[in-house]
Structure formats: C-alpha cells, structure tokens
2 protein chains.
Amino acid sequence: MSEPERLSRRNAIRLENEQRILSAAEKVFAEAGFGGATMQLIADMAGLPKANLHYYFATKEELYREVVRNIFNIWLHAADSFDNAPGPVEGIGAYIDAKMEISRRQPDGSKVWASEVMHGAPVIQDYLETTLRDWTAGRADLIQRWIDEGKMAPVDPRHLLYMLWATTQHYADFGHQIETLNGGKALSDKQWKAAKDSVKSIILRGIGAI
Amino acid sequence: MSEPERLSRRNAIRLENEQRILSAAEKVFAEAGFGGATMQLIADMAGLPKANLHYYFATKEELYREVVRNIFNIWLHAADSFDNAPGPVEGIGAYIDAKMEISRRQPDGSKVWASEVMHGAPVIQDYLETTLRDWTAGRADLIQRWIDEGKMAPVDPRHLLYMLWATTQHYADFGHQIETLNGGKALSDKQWKAAKDSVKSIILRGIGAI
DNA sequence: TCGCTTCCTGACCGTATGGTCAGCTTTGAG
DNA sequence: CTCAAAGCTGACCATACGGTCAGGAAGCGA
C-alpha cells in the first residue's frame with residue numbers, strides 16, 4: 001500500500017459522495033426493485049442533484065452493479081464464521097448467527113440480492129459461476145468431511161447450504177410479512193434472539209449435530 | 001349458482017383471453033418485477049394488442065393485483081395438507097411436499113409473491129393482515145397442540161412456519177442460483193426428490209418428530 | 001334480420017425517466 | 001499565484017411507457 005492517507009479534500013469528497021449514493025441506492029433498489037427505482041429518487045435520498053449521480057456513476061446499471069457487488073462481498077465475508085470451526089455445531093452455528101445478524105442490520109442489501117437472483121442474476125451471473133460456485137464447493141466438502149468424521153448425520157451438503165441461506169435470508173427478505181404477523185411491530189431484541197435460537201436448534205438437531 | 005354453463009362464445013373468449021393475459025403477466029412480472037414489467041411485453045407474450053389488455057384490465061396495477069391474488073389462493077390451498085393430519089410427521093411432511101411441488105411447478109408465481117412482500121406488500125397488505133394472519137394463528141395453535149401432546153419438541157410455532165415457507169419457496173425464488181450451482185442445469189426429478197427429502201428429514205428431525 | 005352489447009385495435013397523448021452537456025466553482029500541484 | 005483537473009449542476013433532450021379513444025368487427029337475443 002503506497003497510499004497511506006490520501007484523504008485530501010478531493011478524495012474525502014469523492015468517498016463521502018460515493019458512499020451516500022450507494023447507501024441511498026441500496027435502499028431505493030430494495031424498496032422499488034431495479035425497474036421501479038429512479039435516479040431522481042436516489043438523488044433526493046442522497047441529497048444530491050441527479051446530474052451529480054451521473055458524474056459518479058455513468059448509468060443506472062453501473063450504480064446497481066456496484067450495490068450488488070458490495071452486498072455480495074458482505075455475504076462472502078460472513079462465511080468466515082464457517083472456517084476454523086472444529087465441527088458443525090460451532091461452524092454452522094456461527095454462520096447462522098452471522099447471517100441472521102446481516103438480515104437484521106442490512107435487510108436492504110439482502111433484498112437487492114434476492115431481487116437480482118430472482119430476476120435471473122443479469123449482472124452478477126459471472127460471480128455466481130465463479131466465486132459462489134467455488135465457495136459452495138468448498139463448504140460442501142467441509143460438511144462432507146464432518147459427516148465422514150461422524151460429527152453429523154449424512155445429509156446432502158448442498159441442500160443443507162440452501163436451507164441455511166433460505167432460513168436466514170427469509171428474515172430480511174420477508175421481514176415485512178413477519179412484521180405484519182407480529183402485530184405490525186418489528187421484532188424485538190428478544191424476538192430476534194428467539195428466531196436465531198429456533199433456526200439454530202432445529203437445523204443443528206435436524207442434521208444430528210446435537 | 002343460477003348460471004350452469006354459460007360457455008357461450010362470448011364467455012369462452014373472455015375466459016380464454018383473461019387467462020392468457022394473467023399467465024403472460026405472471027411470467028413477465030416474475031422476470032422483471034412490477035416496475036420493470038411493461039404492458040407491451042405482456043401483450044406480446046399473450047399474443048394480443050396492448051389496447052386489448054386495457055380492455056380486460058384497466059390498469060397495470062389491477063392486472064398485477066389479480067396475479068398476486070391468484071397466487072395467494074394457491075398458497076392457501078396448499079395448507080389443506082396441514083389439516084386432518086394426526087401429527088407433525090404427516091401434517092408438516094405433506095405441507096412440505098405440497099409447497100415444494102408448487103415451487104417446482106409454478107416458480108413464477110412464487111417469485112411474484114416474494115417480490116410483492118419484499119417491496120412492502122403494497123397491494124396485498126390487507127390480505128396479510130386478515131387471511132394470512134388468521135391462517136398463521138390457526139396453524140400455530142395446531143403445532144402448539146402437537147407440542148403439548150408430546151408429538152414434537154417444544155419449538156416456537158411461528159418460527160417453524162417461517163422456516164417452512166423459507167426453505168420451500170427458496171427453491172422457486174432462488175431457482176436460478178440453485179440451477180447455476182448445479183452446473184447450469186435445472187434440477188432433475190431425482191434431485192427434486194433429494195431436495196424434498198433433505199428438507200423434510202432435517203426439519204422433522206429438527207423438531208423432534210422423528 | 002335488426003339492433004344492442006361486447007369485443008377489438010391502430011393511432012394517439014401526456015408524462016416521467018435515463019441520460020447529456022455547457023459552463024460554472026473548487027481544489028491543489030508546481 | 002497560476003491554471004489544469006476535478007467536482008458540480010440547471011436546463012435540456014429523446015424515448016418509452018401507461019393509458020385513452022374513436023370507430024370498426026363479431027356475437028347474440030328477439
């Protein structure tokens with residue numbers, strides 16, 4: 001790293017504005033979908049003129065791609081919980097914790113990701129075919145090893161992974177439905193803990209790890 | 001019912017066209033989202049002039065609302081599997097089977113529903129607050145009864161329901177991702193069976209029903 | 001056959017949206 | 001201090017979209 005703190009005025013402005021725009025874009029894309037989102041609305045939410053958005057991000061697609069890319073990285077990072085775990089209880093337990101936390105803290109990101117995949121992953125297909133495919137294969141191997149070592153029941157590793165994704169992301173993607181069924185109120189700290197515990201206990205018991 | 005079979009030419013045409021339009025709309029809304037879908041594209045896919053769409057459905061919103069309503073009814077119908085079951089193995093097992101089958105046969109409907117909820121359920125909020133809320137409360141009671149009767153472990157019925165929805169619908173909503181991770185090929189009959197069995201065995205064992 | 005209703009559609013319209021651009025201001029290296 | 005580069009923006013444009021409508025075609029009860 002040959003650039004220690006180049007936070008000159010210029011760079012600071014650039015970073016600040018890009019961040020504001022990306023943050024606003026994530027929210028708007030999550031709420032309206034790619035097609036329903038408008039650059040004007042994103043601009044308003046970011047507190048910038050629309051033309052300024054196009055100064056930083058040439059097109060709507062480019063801005064969207066950047067948003068999705070950010071989310072994908074956060075996703076992958078959560079997978080660190082998986083590693084260095086002695087067995088499924090610790091590894092999968094920590095992974096569920098991490099993903100539930102993401103669902104709670106960054107539901108917008110989760111929604112954008114879900115939307116992207118549901119529509120056929122037009123902009124991150126290459127990521128799915130490379131990074132995600134590799135990641136999945138690696139974890140499936142790890143799970144298989146745990147099975148071989150008798151640390152859990154012989155379940156299909158792939159379907160277990162899908163189940164982990166589905167259950168955790170559901171709390172973000174379908175948060176509105178859950179909230180409605182919760183009397184219109186967001187889940188409390190206690191309820192989030194109950195959710196986490198439910199998911200963990202059912203899955204860990206379901207795979208014969210506890 | 002005072003109108004036995006009024007399948008006069010007129011009615012036949014009406015039914016036929018409405019069905020074509022709804023079917024095309026479901027696909028387009030699923031692929032592009034509400035905002036990204038265009039009446040022109042739906043019209044093309046239905047093989048009708050755009051103006052004809054507006055003859056049957058005044059606005060895009062009205063067409064969309066009808067699509068969502070249809071899906072919701074199919075959803076609710078799958079819940080019949082739940083009833084008249086002596087215990088969780090039969091009831092929840094059948095429910096998973098039914099919902100997995102829907103995910104396989106009507107993935108577009110599932111996607112439209114997911115999209116609708118993700119965006120805050122603008123058009124079916126009332127359904128969530130009435131029909132779905134009642135349905136959920138009823139099934140939660142049923143599950144609680146099974147718990148009280150010692151037929152399964154004491155899990156939170158709500159979170160179990162969310163888990164059932166999440167895992168089964170995931171195979172429709174994230175079907176593209178699953179397909180990509182499956183080497184770009186759709187799941188075969190055998191793989192669908194494996195998916196069903198995985199979900200069922202992990203959950204049923206997870207709740208101590210088997 | 002008549003005449004009313006339903007069905008159908010090409011052409012059209014107002015608007016909203018993504019994107020452009022000329023020209024301004026601010027920054028900071030030399 | 002100079003001046004080129006970077007940052008900024010109001011005004012503008014072309015297009016695509018949802019929706020309308022006048023008028024014709026087809027169905028059907030009497």
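Trainee: Which element gives the most to the surface near DNA strand D?
Mentor: That is α1(A), with four residues. This is a predicted model, in which local features need pLDDT of at least 70 and side-chain atom pairs count only at pLDDT 80 or more, while totals for chains, interfaces and linings use all residues. Residues are numbered from 1 along each chain as its sequence is written, and chains are lettered from A and ligands numbered from 1 in the order in which they are written.

Trainee: What makes a residue "near" a strand?
Mentor: Its C-beta atom, placed from the backbone, has to lie within 6 Å of the strand. There are 21 residues around DNA strand D, and Ala51(A), Ser8(B), Arg9(B), Thr59(B) and Lys60(B) come nearest. Elements giving two or more residues there include α3 (50–56) of chain A and α4 (60–78) of chain B.

Trainee: How do these residues divide into nonpolar, polar and charged?
Mentor: Eight are nonpolar, seven polar and six charged. Here Ala, Val, Leu, Ile, Met, Phe, Trp, Tyr, Cys and Pro count as nonpolar, Asp, Glu, Lys and Arg as charged, and the others, Gly among them, as polar.

Trainee: Why is the relation of chains A and B called a two-fold axis?
Mentor: A rotation of 180° with 0.0 Å of shift along its axis superposes chain A on chain B, with an RMSD of 0.0 Å. That is the relation of a two-fold axis. The superposition is by least squares on the C-alpha atoms of residues with pLDDT of at least 70 in both copies. In chain A, Gly206(A) comes closest to the axis, its C-alpha at 1.8 Å.

Trainee: How do you know that the copies meet through the same surface?
Mentor: Of the interface residues of chain A, 98% are also interface residues in chain B, so the copies use the same surface. In all, 44 residues of chain A are in contact (C-beta atoms, placed from the backbone, within 7 Å) with 43 residues of chain B.

Trainee: What makes chain A a chain of helices and zero strands?
Mentor: Helices are DSSP runs of H or I with at least four residues, strands are E runs of at least two, and both are numbered from the N terminus. Chain A has ten helices and zero strands by that count.

Conventions:
Two residues are in contact if their C-beta atoms, placed from the backbone, lie within 7 Å.
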